[in-house]
Amino acid sequence: MMEEVSGEDSPAVSPLPAATTAGSAAAPPISIAAAAPPGPGTPVAPPPMGNPQASTYSPLQPPPPGPGYPGYQPPPPPVSTMYSPQPGTNPYSMPVGTPSRAAMPTVPLGVGQSPLGVGQSPLGVGQSPLAPAPVEGAQMGITFPEVPVDPQDDMRYRGGGSSGAGLWGWVTGNPLMQRVVEKTKSSVETMITTMDPGMTPYIKSGGDIDVVVASDKEVKVAAVRAAFQKVFGKATVTGEASQSNIAPQPVGYAAGLKGAQERIDTLRRNGVIHEKQPCVSVENFIAELLPDKWFDIGCIVLQDPLNNIALEVFTQATPVPPEYVTRAQDETPRDYNLRWSGLAVTCGEAIERMMPGVHHADWHRAFTGMSRQDMIYSAAVALAGMYKQRLPPKTV
């Protein structure tokens, strides 16, 4: 027999179908339209909820089993296609072949199922509804090891303390940044010297190289300066007027070398330069290298007594037509006291007299298309390179 349940302990009437018990038959449903009007003092049942077409039950009929009812069994949980990690594994690692969360279907909640389980609290901040419950002993999420920070290094980075220079110290101590700065500086200097070539001596002057040219003629001083600044990057090159004390037109290699050395010795004897001052001298001469074929050659001498360095180089040989050499010989007196070293009239002066419009100081351009300054510069670059190789490393 069925036990009687009082109205106070009975739950609310549910529109769900009533469960049958063994040994008792289900009572026929009572339709709302066929029910007799209640009499006075009779409690009225609440109207049914849900679909009016659905079957309803009498309040006198036992309710369907539910939570707290003897013999109640909760329905099985809905089957999900989501990946569930094994206990003791990382919940964020998914096996190969598992589709992403964006590609997985969403499983709807069952009828009457609460989104929160029994005794489950609402989601916390940052907690995903798809994340599984934490498993004891399993590593949750991604953790990074704590790296100890040296307070002194932190002060260097922030620019504080006495042992660091901050960001600027890092820039100046970085070889890559130094190369970038040097490249930028070189580009700016190239732009300035291209727009105004006259700024080259001022921009590239300085450094540890200080050279004096034994001449005040710009054709010699400018060529030597450009050559040393090309090799050393920065070099201070100045010119001082000097005499060779030999014939104006030396003849032969020995006379040309003697004239270059005499120019340097004259500056030292007169006290114009210090006895240990590096000095460069240029002296042009003519030589008969082949029968009846004369050539003009420049001898460049460098002397550095402090480092015990003495170098000599020669410019390219420029052919001189024999008639101009003959003219210079004819204009030289027979009793000329410096005849042993050369002629009293230079080949350039003879060419200027015989070819109006050609200057005696730069007749090389008219004959070869290359100026005398360019010829001196080419040989001076080789001279500066040899000098750099022989200097002590601390000087370079």
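The model is predicted, so local features need pLDDT of at least 70 and side-chain atom pairs count only at pLDDT 80 or more, while totals for chains, interfaces and linings use all residues. Residues are numbered from 1 along each chain as its sequence is written, and side-chain values use heavy atoms, with hydrogens and water left out.

**The hairpin**

Let's start with two strands; helices (H or I, at least four residues) and strands (E, at least two) are DSSP runs, numbered from the N terminus. Strand S5 covers residues 293-304 and pairs with S6 in the antiparallel sense over six bridges; pairing takes at least two bridges found by DSSP. Ile300 stands opposite Val313 in S6. Four residues lie between S5 and S6 in this hairpin, and in the turn Asn308 has a positive phi of about 55°.

In a regular strand the side chains alternate between the two faces of the sheet.

Met386 lies in helix H10, residues 372-390. With a relative accessible area of 26%, Met386 is partly exposed. Leaving aside neighbours within four places in sequence, Met386 is in contact (heavy atoms within 4.5 Å) with Leu311 and Val313. The C-alpha atoms of Met386 and Glu312 are separated by 9.9 Å, and these residues are 74 apart along the chain.

**Confidence**

The predictor's confidence in each residue is its pLDDT, from 0 to 100. The protein averages a pLDDT of 73, and 51% of the residues score at least 70. Two stretches are listed below.

| Stretch | pLDDT | Contacts beyond four places in sequence |
|---|---|---|
| Residues 106-112 | under 50 | four contacts |
| Residues 159-164 | under 50 | six contacts |

**The cavity**

A cavity is a set of points on a 1 Å grid over the protein atoms alone where a 1.4 Å probe fits but cannot get out, and its lining residues have an atom within 4 Å of a point. The structure holds one cavity of 30 Å³ or more. The largest cavity has about 40 Å³ of space, a volume being the space filled by probe spheres set on the points, which are joined across faces, edges and corners. Its lining residues include Asp296, Gly298, His364 and Arg372. S5 and H10 are the elements that give two or more residues to this lining, and H10 gives the most, with three.

Terms used. Buried < 20%, exposed > 50% of the residue type's maximum accessible area, 1.4 Å probe, protein only. 1 Å grid on protein atoms, 1.4 Å probe; cavity = no way out; pocket = protein on both sides within 12 Å on 5 of 7 lines; lining within 4 Å.
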